[in-house]
Amino acid sequence: MTRSQSATLFALGLLLPATLYILAIVAYPLFDTIVLSFTNAALRPTYDFIGWENYERIFSAGNFTEVIIRTFVWTFFSVALKMIIGTCGAVLLNAAVPGQTVFRILTMPPWVVPMAIGIFMWGWMYNGQFGMISGLLQNFGLRDSPLPFLAYGNTAFWATIVTDVWIGVPMVTIYLLAALQSIPKDLYEAAWTDGAGRWYRFRRVTLPLMVPAMLTMSLLSLIATFNSFDIIWILTQGGPSGSTTTMIIDTYRTAIGSFRYGEGAARAVVICIFVSLFCIVYFRAVRQLSKGQIR
Amino acid sequence: MTELARSASESTATASAEQKAPAKVKARSQKAMIDRYTWYEVVGIYAGIALFLIFVLAPFIEGFLVSLKPLAQLFSTPYNFIPENGSFQAYFDMWNSVPALGLHIFNSFFISSVITLMVIAIVVPAAYAFARFEFTGAGVMLGAFLAVNMFSGAVLLIPLFRLMRSLGLLNTYWAMIIPGAAFLIPSSIWLLRTYLMRIPRELDEAAWADGASRLYTLRRVILPLAMPGIVVISIMTFIGAYAQQFIFALTFNSKTEYMPLPVGLFGFFGRQEVLWNELMAASFVGILPVMVVIVFLQRYLVAGLTAGAIKQ
């Protein structure tokens with residue numbers, strides 16, 4: 001055996017535990033989802049293959065397209081707000097003012113605290129009669145009656161988005177902050193020597209150099225947001241009357257809630273197709289970005 | 001990923017004092033010229049930061065104040081932000097309302113710790129393989145690992161449930177540990193690989209020339225040098241496992257004695273009125289340890305987060 005052959009064997013050996021683990025816990029379930037989606041599996045131990053019936057059912061039911069559209073609208077606003085607030089936060093925390101380190105630490109709690117706990121706190125804040133937001137609105141005279149955010153479809157939709165944004169903002173902020181700090185200081189000095197003002201430097205130096213990091217982050221948070229489950233489940237369980245039911249919630253309700261595993265799997269497969277598309281876009285974009293830099 | 005951002009992640013990933021020190025000195029000398037703000041700019045920056053932090057911290061402030069209010073005051077109108085004669089009574093009562101609370105907090109830490117140990121045992125050899133060896137299919141394999149990141153546990157819940165059931169693991173700690181670890185492995189591999197690639201190859205070759213076996217080289221040469229990187233992935237994995245334990249615990253376990261804190265907190269719900277003050281008090285006791293952690297390990301978290309966001 002040559003040295004390079006033994007090296008390859010050694011490397012594959014090192015990869016074996018990770019590969020087996022992922023194959024068993026992620027790849028096999030993924031395969032199983034696809035198989036299940038063609039069956040009428042439910043609580044009873046046996047099931048039959050029924051072809052495309054599950055898919056025909058979910059697409060003919062009518063509300064599935066509605067759920068898909070809602071998921072995309074929800075995801076779009078959530079990611080957009082995360083990126084806007086996160087970019088503002090990163091720029092502000094990058095300003096050389098006293099207290100920087102403390103402010104950066106204070107940004108992190110929503111990200112490191114168990115998600116469910118943060119969501120419980122929001123749940124209470126959204127309470128109509130006794131919650132903080134409705135209460136403060138009334139105290140300041142902006143509203144004269146209680147506003148139970150989670151009781152109306154429209155407000156519940158936005159309330160879940162705000163909570164999702166709250167959980168995602170720290171990560172976006174800190175990531176973009178690191179990108180900001182990697183911009184070479186000489187560029188600013190050069191621009192400054194040429195008499196460029198602060199706003200001009202921001203527009204012509206900072207922003208263009210931030211674009212790759214912002215693109216990467218928005219694609220990553222697009223995928224994370226698309227898969228978001230905990231927030232909606234704890235706050236509204238998809239209600240009121242389905243107005244916050246995203247694809248993940250819909251799948252969970254079908255499969256775990258009403259034990260229709262086969263149909264739930266078909267819904268999960270549709271999610272997987274969308275996620276795979278995002279994946280391809282992401283890997284493409286990342287490759288494109290690194291090529292652009294070399295040229 | 002761009003070279004710029006990559007160098008950013010690499011320089012933050014080291015998180016070492018000797019790298020930061022010269023940068024700081026340099027920044028200070030320039031500050032006098034470029035970074036001199038006018039008074040209204042300073043006011044604007046602080047106002048912006050204040051607004052940003054209010055959004056980030058509002059639920060924590062409100063949560064803490066709620067934990068101080070007696071239940072009667074919570075369920076009264078008009079709304080009062082500041083508690084009147086607030087007390088820490090809820091912090092004592094909560095242990096009686098949900099008797100298993102202490103156990104839930106322990107479970108949260110236990111599950112996260114086991115996940116962290118498992119992930120490290122699996123990730124260290126895998127990251128070393130990707131960092132050092134060029135074999136056919138390495139790129140594809142790495143890509144496949146990274147793609148795992150894109151699928152959430154929620155999508156694979158049904159087959160995972162069946163898998164756990166057929167393995168007889170439902171209603172055990174393992175039902176939460178095994179799937180929990182799987183989704184944390186890929187980003188840790190990526191992060192540690194980036195770190196290991198910066199350890200000079202010459203060290204491996206020197207060990208090889210001295211007759212050391214490959215496994216010996218990994219154990220005695222690479223591991224000690226990789227310790228800072230391993231610390232970063234341990235912290236990231238622990239935080240990830242700690243922050244995300246909900247869906248598997250909700251679906252794969254129904255035994256109170258194994259529930260982690262986020263699911264255990266539902267114990268405050270199943271009565272006539274939700275004991276919000278005790279729920280918040282319990283939450284604060286449960287999150288206190290991580291709060292302490294972020295203050296002291298802030299630098300590692302930033303390093304992990306920036307390098308952990310997948311880039312190529």
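Colleague: How many residues of chain A are in contact with chain B, and with how many residues there?

Modeller: This is a predicted model, in which local features need pLDDT of at least 70, side-chain atom pairs count only at pLDDT 80 or more, and totals for chains, interfaces and linings use all residues. Residues are numbered from 1 along each chain as its sequence is written, with chains lettered from A and ligands numbered from 1 in the order in which they are written. Two residues are in contact if their C-beta atoms, placed from the backbone, lie within 7 Å. On that criterion, the contact involves 92 residues of chain A and 93 residues of chain B.

Colleague: Which helix gives the largest share of the side of chain A that touches chain B?

Modeller: Helices (H or I, at least four residues) and strands (E, at least two) are DSSP runs, numbered from the N terminus. The largest share is 17 residues, and these come from helix H1 (residues 3–36) of chain A.

Colleague: How many helices and how many strands are there in chain A?

Modeller: Read along the sequence, the pattern of chain A is α-α-α-α-α-α-α-α-α-α-α-α-α. Residues 156–178 of chain A, for example, are 100% helix and 0% strand, with end C-alpha atoms 34 Å apart. The count for chain A is 13 helices and 0 strands.

Colleague: Which element of chain A has the highest mean pLDDT?

Modeller: pLDDT is the predictor's confidence in each residue, from 0 to 100; chain A averages 85, and 98% of the residues score at least 70. Among the elements of chain A, helix H9 (residues 185–193) has the lowest mean, 82, and the highest, 92, belongs to helix H3 (residues 63–94) of chain A.
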